[in-house]
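Let's take a walk through this structure, one spot at a time. Have the sequence and the 3D view ready as you read.

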Amino acid sequence: MRSFPVSDPGTPDRRSPARYLLWIARVQAATMAGGAAWGVVWMGTQALMPATIGRAIDTGVTAKNTDALLLWSGVLLGLGAVQAVAGIMRHRFAVTNWLGAAFRTVQVTTRHATRLGATLPKRVATGEVVSVGIADVSHIGNSMDITARGAGAIVSIVLVGVILLVTSLPLGLVVLIGVPLMAAVVAPILRPLHRSQRHQRDLQGELATRSSDIVSGLRVLRGIGGEQVFAGRYREESQAVRAAGVRVARSDSLLEGAQVLLPGLLVALVTWIGARFALAGQITIGQLVSFYGYSVFLVEPMRTLTEAADKITKAHVAARRVVRILNTEPELPDEGTRTEAAGAMVDRPSGLTVRPGRLTAIAATSPEDAQAIADRLGRFTDDEVTWGGMPVRELTLPAMREAVLVADPGARLFSGPLREEIGGRSERELRDALYTACATDIVEELPSGLDDEIAEGGREFSGGQQQRLRLARALAADPEVLILVEPTSAVDAHTEARIAGRLAEHRAGRTTVVCTTSPLVLDRADEVAFVDAGRVTATGPHRELLATVPRYAATVTREEEP
């Protein structure tokens with residue numbers, strides 16, 4: 001059997017959880033149909049076995065006919081062989097359907113998360129995204145997996161009903177009426193289970209978000225003595241999740257009990273009626289044995305149907321979270337058509353002009369103003385910024401992200417080999433970036449150098465080391481326009497002076513913007529723009545502004561104005 005294609009999941013239907021599940025089923029319709037077909041053969045052969053055994057008893061054992069006994073024994077052997085092959089193929093298709101649904105969900109959510117960019121953490125909690133990747137994909141996969149056995153269960157119940165109707169009309173009616181009645185009894189149990197599962201999923205997402213916040217801020221919490229406070233909050237939320245889990249288990253236990261009790265009652269009824277008919281001579285000994293066999297057999301397809309209802313219910317709850325993420329739209333519309341731009345960048349709200357090929361520094365009285373300018377230049381907010389006279393919104397977002405890199409203090413290091421984390425198109429570019437960022441000594445201290453595995457967030461490094469490694473990563477990317485926000489705020493003055501000198505040399509001839517109030521960095525800039533109250537009020541070399549603009553001097557020297 002060929003492996004399932006998950007490289008191009010297409011565009012999902014995001015209108016409702018049910019439509020999303022139907023979209024997955026349509027995308028993998030071939031394997032779904034294959035699994036259902038093999039499931040019908042697998043369980044259908046099992047449904048024919050009791051009848052075959054009954055025929056062997058009536059025509060072979062009771063009639064003392066060896067040829068008939070051998071014939072029906074051979075039919076039973078053939079059914080067993082077909083069942084074994086069909087069971088293997090059904091399982092293969094079922095696993096394929098599970099993996100296809102789970103990984104397609106991962107693909108579409110990951111692709112949409114990439115499209116959302118900075119919008120995602122603003123609109124969706126971290127824990128909710130984590131829950132999709134951990135628990136929800138499993139439930140969605142289970143709903144596709146159960147279709148193979150579910151189809152077999154439905155067909156086998158109908159087949160058994162037909163056999164029983166032909167053999168005995170009352171017994172056939174008992175089965176055909178009893179199965180819908182069991183479904184009607186189970187349905188009221190599924191509704192509260194659905195609600196409690198949805199509530200528990202929401203609480204789990206909130207708890208995962210709390211866990212992520214605590215882990216990422218553990219160093220800060222220890223510094224201010226807030227560990228016990230947050231531990232108490234986590235304990236309270238954890239208990240809320242536990243209580244919700246107990247409510248889910250209560251409904252689930254009722255469902256599990258119904259899966260045993262209701263089929264058992266139907267089996268007992270069929271057996272009792274069949275025994276009375278045999279004693280009355282209305283059915284043969286072989287048919288009675290067949291009824292006993294069907295009584296045992298019917299338990300499995302009936303349990304499969306209630307299991308299918310449970311898994312589809314859980315998948316619906318999980319798909320609701322997936323659809324919620326997929327229905328989140330980016331804050332910035334990607335309506336541009338152009339892929340290239342050149343010339344000076346002009347931020348009209350502030351009056352800043354960034355000339356190509358130069359190192360421009362932005363010194364702002366308020367750090368928020370500098371960050372806002374960086375966001376506008378990188379088009380993380382939609383405002384009146386032009387590039388070579390063309391509004392940047394005319395560029396496609398992928399082209400904008402490729403050309404302009406904004407590296408701010410919120411950037412994070414990811415887990416994995418340090419070499420892959422920093423990047424660079426060649427070994428030389430990687431080494432040059434490390435040298436410029438004064439991060440060579442960090443690499444030399446690692447046991448495996450650049451091949452050393454680093455933890456998520458670079459937790460093994462100090463704040464200054466993390467900042468230097470992030471700066472090296474930004475430099476190794478070598479974008480057309482590089483915007484650095486406070487790139488040296490966590491390093492000592494000696495290291496800062498070296499970075500300032502090397503940065504100007506490393507980015508010579510390329511457009512670089514540095515948002516900082518560090519005199520060491522400002523002194524190396526080709527041009528400094530002083531931003532006060534969100535507007536550029538003065539431009540020129542650092543030393544000239546220091547001598548002629550008192551407010552600028554007060555900002556960069558941290559002194560009161562005369």
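A polar atom in the side chain of Thr31 sits 3.1 Å from the backbone oxygen of Gln28. That is a polar contact, meaning a pair of N or O atoms within 3.5 Å; within protein, one must be able to donate a hydrogen and the other to accept it, and residues adjacent in sequence count only if both atoms are side-chain atoms. Keep in mind that this is a predicted model, where local features need pLDDT of at least 70 and side-chain atom pairs count only at pLDDT 80 or more, while totals for chains, interfaces and linings use all residues. Residues are numbered from 1 along each chain as its sequence is written, and side-chain values use heavy atoms, with hydrogens and water left out.

You'll find Thr31 in helix H2, residues 29-62. (Helices are DSSP runs of H or I with at least four residues, strands are runs of E with at least two, and both are numbered from the N terminus.) Thr31 counts as buried because its relative accessibility is 17%; buried means under 20% relative accessible area, exposed over 50%, and partly exposed in between, using a 1.4 Å probe and protein chains only. Leaving aside neighbours within four places in sequence, Thr31 is in contact (heavy atoms within 4.5 Å) with Phe93, Thr96 and Asn97.

Now hop over to helix H5, residues 126-167, where Val158 lies. Val158 is partly exposed, at 46% relative accessible area.

Next, the aromatic rings. Rings of Phe, Tyr and Trp (its six-membered ring) pair if their centres lie within 6.5 Å; planes under 30 degrees apart count as stacked, over 60 as edge-to-face and the rest as tilted. By this rule there are two aromatic pairs. One of them is Phe530 with Tyr552, an edge-to-face pair at 5.5 Å centre to centre and 85 degrees between the planes. Phe530 belongs to strand E11 (residues 527-532) and Tyr552 to helix H20 (residues 550-557), so the pair ties together parts 22 residues apart in sequence. Phe530 is buried at 1% relative accessibility, and Tyr552 is buried too, at 0%.

Last stop: the backbone in two loops. Arg379 isn't a glycine, yet its phi is positive, near 55 degrees. Look for Arg379 between helix H11 (367-377) and strand E4 (385-387), where Arg379 is buried with 2% relative accessible area. Glu486, also not a glycine, has a positive phi of about 45 degrees. Its loop runs between strand E9 (481-485) and helix H17 (493-506), and at 26% relative accessibility Glu486 is partly exposed.
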